[in-house]
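This report covers the sheet, the packing around it and the nonpolar core.

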Amino acid sequence: MTDEDCSMCPEHTMLSPKMVAEYVGVDRETVYRWMNSGVEVNGETKYLQAAYFGPNQIRISKQDIDDFKVDYKEARNAN
């Protein structure tokens, strides 16, 4: 399936910061910190990617969350 054929398959599902916090098991402030400040992994800052549809319409794809979780786990294990 190409992205053009995708009709919100699980990997392209978009979540709000609140939903991301529940999915990952952190508070909402942590999600915003990941989006704005990122986490350092091997000397490089990684950010949680988000799409802004207006001042109160922020959405994050499930695929980006899963990719970021891998980076976040590496950063936590490095400390």
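## Basis

Helices (H or I, at least four residues) and strands (E, at least two) are DSSP runs, numbered from the N terminus. Two strands pair if DSSP finds at least two bridges between them.

This is a predicted model, in which local features need pLDDT of at least 70 and side-chain atom pairs count only at pLDDT 80 or more, while totals for chains, interfaces and linings use all residues. Residues are numbered from 1 along each chain as its sequence is written, and side-chain values use heavy atoms, with hydrogens and water left out.

## Confidence

The mean pLDDT (the predictor's confidence in each residue, from 0 to 100) of the chain is 81, and 75% of the residues score at least 70.

An open sheet is formed by 3 strands in the order 1-5-4, with antiparallel pairing. Strand 1 (14-15) and strand 4 (51-52) are at the edges with a single partner strand each, so one side of each has no neighbour in the sheet. Strand 5 (residues 58-61) pairs with strand 1 over 2 bridges, and S61 in strand 5 lies opposite M14.

Helix 2 (residues 28-36) packs on the sheet, in contact (heavy atoms within 4.5 Å) with strand 4 and strand 5. The directions of helix 2 and strand 5 make about 80°, taken between N-to-C axes fitted to C-alpha atoms, for helices over the stretch in contact, on a scale from 0 to 180 degrees.

## Core

A nonpolar core is a set of buried (under 20% relative accessible area, 1.4 Å probe, protein chains only) Ala, Val, Leu, Ile, Met, Phe, Trp, Tyr and Cys residues joined through side-chain atoms within 4.5 Å. The largest has 13 residues, and V20, V31, M35, L48, I60 and I65 have the most contacts inside it. Helix 2 gives the most to this core, 3 residues.

Methods: Buried < 20%, exposed > 50% of the residue type's maximum accessible area, 1.4 Å probe, protein only.
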